[in-house]
Amino acid sequence: MNTEVSVLYFAKSAELTGLKAENITVPSNITSLQLWQDLETRHPRLSVLRDQVVLAVRQEYVPLCAQPLSLREGDEVAIIPPLSGG
């Protein structure tokens, strides 16, 4: 079953995609890594962030791994790249 979620892009991820947000449709049972790979397919420039990015689903941080996510219709997924500066 597929679910529509809202993806929010912050900082470098917004620069790379040219977007602040978009709605996408993905399988409701997907791992965080599969979700990231889907986003990379849509926006290949995101691949430079793969080793540093953190996802937040329903405002909870999720590492990129084989951990299954149970996405629900209308969930927010935030793409949070590493913060630079000092």
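R58 sits in the loop between β4 (54–57) and β5 (60–62). Its phi is near 55 degrees, a positive value in a residue other than glycine. At 35% relative accessibility, R58 counts as partly exposed, because that value lies between the 20% limit for buried and the 50% limit for exposed. The model is predicted.

- A11 belongs to helix α1, which covers residues 11–17.
- With 45% relative accessibility, A11 counts as partly exposed.

**V53, a buried loop residue**

- V53 lies in the loop between α2 and β4.
- Its relative accessibility is 7%, so V53 counts as buried; the cut-off for buried is under 20%.
- Leaving aside neighbours within four places in sequence, V53 is in contact with W36, L64, I79, I80 and P81.
- W36, one of these partners, is itself a buried residue of helix α2.
- P82 is 29 residues from V53 in sequence, yet the C-alpha atoms of V53 and P82 are 6.2 Å apart in space.

**N29, an exposed strand residue**

- N29 is part of strand β3, residues 29–31.
- At 61% relative accessibility, N29 counts as exposed, because the cut-off for exposed is over 50%.
- N29 still touches L69 and S70, not counting residues up to four places away in sequence.
- N2 is 27 residues away from N29 along the chain, and their C-alpha atoms are separated by 8.3 Å.

**Helix α2 and its buried face**

- Helix α2 spans residues 32–42.
- Its buried residues are S32, L35, W36, L39 and E40.
- Seen down the axis of α2, these buried residues fall within an arc of 140 degrees, so they line one face of the helix.
- An α-helix has 3.6 residues a turn, so residues three or four places apart point the same way.

**Fold layout**

- The protein has two helices and seven strands.
- From the N terminus, the order of elements is β-α-β-β-α-β-β-β-β.
- Residues 24 or more positions apart account for 57% of the contacts with a separation of 6 or more.

**Overall dimensions**

- The radius of gyration is 12 Å.
- A compact globule of 86 residues would have a radius of gyration near 12 Å, so the protein agrees with that expectation.
- Along the principal axes, the C-alpha atoms fill a box of roughly 40 × 25 × 20 Å.

**Burial, surface and charge**

- Of the 86 residues, 42% are buried.
- The protein exposes about 5,200 Å².

Methods
Residues are numbered from 1 along each chain as its sequence is written. This is a predicted model: local features need pLDDT of at least 70, side-chain atom pairs count only at pLDDT 80 or more; totals for chains, interfaces and linings use all residues. Side-chain values use heavy atoms; hydrogens and water are left out. Helices (H or I, at least four residues) and strands (E, at least two) are DSSP runs, numbered from the N terminus. The radius of gyration is taken over C-alpha atoms; the globule rule is 2.2 Å times the number of residues to the power 0.38. Buried means under 20% relative accessible area, exposed over 50%, partly exposed in between (1.4 Å probe, protein chains only). Contact means heavy atoms within 4.5 Å. Accessible areas come from the Shrake-Rupley method with a 1.4 Å probe; for residues, only the protein chains shown count as cover. The arc is that of the directions from the helix axis to the C-beta atoms.
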